[in-house]
Each structure stands twice: as C-alpha cells, then as structure tokens.
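Hi everyone, thanks for coming.

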Amino acid sequence: PVQVTFNLNGPKGLITDAEEPPSFDSLEQEWRWWHDKLKHAPKSRMLWLAKLGIIPKRLLQLVKPPPCAGCLTWKSTRKPWRVKGQKGTIKQATYCGECISVDQLDATTPGFVAQLKGILTRKRYRYATIFVDHFSDIDYVVPQTSLTSEETLRAKHSFEAWASSHNVPIKHYHADNGRFQDNAWKKDCEKKEQGITYCGVGAHWQNGVAEKRIRDLNDMASVMLNYAMRKWPQALSLHLWPYALRAASDTNSCLPRVGKEQSPLEIWTKSSIRPNLRHHHPFGCPVYVLDGNLQGGNKAGKKWKDRARLGVNLGFSPQHSKSVALVLSLKTGLVSPQFHCQFDEAFQTVKGIDASLQPPSMWQEKASRTQEPPAQPVTQQQVSRSGRTIRPPKRYDDFVAFEALQQPEVELNPHPVIAFKTNSDPDTMYYHEAMRAPDAAQFKTAMEKEIDDHTSRGHWEIMRRQDLPTGTRVLPAV
C-alpha cells in the first residue's frame, strides 16, 4: 500500500496529468493562463502570489505583464482628474469577528435560482448581502430574492452560522441605513448582545469597507461572466451572476492580500493551510462529468455509449469540499455537485470543429418558461359570510426545497446520531428547551454536577481550538 502524509489539500504527488498546468511557449502565455484560472486577479495580487511561490516564481521575470482584454473591457473606469484629499483612518480590529461591515447589492438583473432537483422555480435572485470582516478581510455573500427584513435577517443568521462553524463569535456590525435600521435587525443584535453602528444619511463613504468590497466583487464577477460568455455564448447568460459573485468571493478569500503571507481564509480559520489552486477553474468553463453509473462502478451498457456529459462550471459547492464543483446541466437546467469531472479551462472543445459535436444548451429555454409572475393589482380583501378573510391560493411550485446555494441558518453539519436522537426522543432537549421547562432550576443543578464529576475524575482535558492538530474533528454536544 502507498502511505502518504495526511494533508487537507490532498496527497502530494498524486495529481493527474489533467490537473497539472499545460506547457507554454512563453511567459506571457503562462501569465494569461494563471490570470484566467484565478478569476482575473489584479496584477499586483498576481505578482505577490509569485513572490510567495503560490504560482511559479518565473513569472516575476516579466518586465511588463501582458494586458487582459476582459479586464480592459469590463473593469474600465473614469480617469481621475483631481487629487483626493487625505484619507481618514478607522479603528483597526484586533481579532476576527470584532467588527463586521455589511451592505447590500442591487443587481438590477434577475439571477437564476439553481436547484439540485425538482421543477425549476419562478423565483429569481435580485439582491445580495455582503459581509466583510475587518481583521481577516474575508467576505461572505448571500444572494436574496427581495430586500425584506425577513430575508435580510436570514442572511445574517446564515453568516453567523458559517462564522460559528469556524469558532468565530460576531461582536459588532457596522452598516448602512435602510434595512439594517429595521426593528427586526436591531432586536436580533440586542438579543445576541451584538453592537451596531451606522454611517450618516448620504455618507456612504463611512461604510467604505463594504462599499469597496462590493465594487471589487462586482468587477471580478462581471469580467468572469462576460469573458466566459464571449467564449461560449450558447450556454452562458448574464442571469448566472449570483454564482459568478460567489466564485469571486471564494477565490478572493483564498488568495493572500498584497503585503501579507496568509490568505483571509487562513486568518479567519486560524490555520496555516495554503490555498490549493488546482481546484480553481475559470468560471463558466465546460465541464465533462463522468456518467453516474460509471461513478458507482457499474460499467454495464456503457462500452459503446457516451461516458461523460457536458455541463457548465458554476464554482465551488458551498456545502462540500473545494474539490467538488457545482455543474449546471445543459439539458435539464438543474445543478449537481460533482467530483468525477474534467475541466476544459481554455474553452477549446466548444469552438471550432468540436463545437458541432456538443449538445445544444436547453437550460435557458427551460428557465424562461418559469418567468416571475406579473405583479397582481391591489384589490380589496374579500370576506366570506362567516367573516373569514378569503386569501388567494399560493402556487406550490414556488417553494424551493433543494436550492443549490441554500445558506445554513443553524450549526453546520450536525452529528447525524445526535440529530436523530433529539428528533425521536422527547426526553432529549436542547438547552433553550430545557430552560423553558418547569424543572429548569433542577436541570441546571444536575448539569453543573455532571460537569464537575467529569472534571474531577479527569475524563477530559481542556484545550484551545487553535491548539488542536490540523484535521481534528470536534464532536458537537447536545
């Protein structure tokens, strides 16, 4: 048997030929390849990655890196015609979660809601809430169908559940006015003993951390999406912007900032795991997914048939490992998390002679059949003879049960045995349920006695989470 050292990035030396960088004729060609792979990262970030050795150091020999047509087209801005005043400074955060800037993005374009299975929904993404940590500089994106208080609060709970999975408590929020001034947001912060501050009315620069991050992610996603559309217009659409935004956020969190040796994700998780760039692929590139029967080891009937199907890469799956990608089916419009797949990072198999061999893209037609229903005019409520208000029926297919970007609102990955026990045994309760019971005082006394008995008998040793060996699984408790 082959013995390898355990590494969260995967075993070293077992990378297949398809995952290794191809051969290049010049450094300019290699620069463009890495630039596309890293979601059109800025030149300063690329040079810093080369200095750290994350990408080949020979790229530093380029006196003037080649320009990117996509960046010149979709990142263009006005030239500054005057010098800005002296920049103000803000209080520096000293640990993760101390201060979180939050703001919302209006996409103006309906975003496709991808599903793992079921009938395609009529809902569309139109907004996104972005959270930015001041200390680690990591960001978290939650797409939304509306800007209601309920959805904004659901985005907050999703971010806090993700932070809790990394043992990062949230202490303070800094927000813009708008939905963050609603009572629902304020009461939730007060309930969790979280502070909140606001910028002045019309003074959006006072929330500059979140505003700048929205600008960076929007530029990055716009370049990725439009650049891929020019290469594969039959299968890509602007309505995939939520997934381009998530892909930009994922890549942005894995790359160290200029002047720092650790990436935001390393600082946030208090670990020293270098980003594994072999799992990063250009957004929207063609993906060849192995047939489901062959993935399960069943080769019957597949000797003379297609062994793989073509799909669209939508970035990492938020509920799986980084080696698992979300793949959009050209036939059904559904999305599936796939591991056994090959990526055509240069879009070579969907243009030229090979383009005629590929199946047509039908997901746009299927999605267009489920357009958002037109707004109904406001009418006077009808009352029955018994005095009950008659409400219009709600369509059952508007409920999305298997959303691909479903965000967690509770603790991530609960232990299945504990989850089954709490659901099946009425005597097994959560802490908040026990505190509502009539014998809450006796429950507290019994709980303290049990903890003291375990501690006095030396059943465990208290350790800090950051001192645990890499890869150690921490078991949850009821």
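So, one aromatic cluster here is made up of Phe131, Tyr140, Phe159, Trp162, Tyr173, Phe180, Trp185 and Trp268. Quick caveat: this is a predicted model, where local features need pLDDT of at least 70, side-chain atom pairs count only at pLDDT 80 or more, and totals for chains, interfaces and linings use all residues. Residues are numbered from 1 along each chain as its sequence is written, and side-chain values use heavy atoms, with hydrogens and water left out.

What counts as a pair? Rings of Phe, Tyr and Trp (its six-membered ring) pair if their centres lie within 6.5 Å; planes under 30 degrees apart are stacked, over 60 edge-to-face, and the rest tilted. That rule gives twelve aromatic pairs.

Take Phe131 and Tyr173: the ring centres are 6.4 Å apart and the planes sit at 65°, so we call this pair edge-to-face. It bridges distant parts of the chain, 42 residues apart, with Phe131 in strand E2 (residues 124-133) and Tyr173 in strand E4 (residues 172-175). Strands here are DSSP runs of at least two residues, helices (H or I) of at least four, numbered from the N terminus.

Buried or exposed? Phe131 is buried at 1% relative accessible area, and Tyr173 is buried at 0%. Buried means under 20%, exposed over 50%, partly exposed in between (1.4 Å probe, protein chains only).

Tyr173 also pairs with Trp185: centres 5.5 Å apart, planes at 70°, so edge-to-face again. Trp185 belongs to helix H5 (residues 183-191), twelve residues from Tyr173, and Trp185 is buried too.
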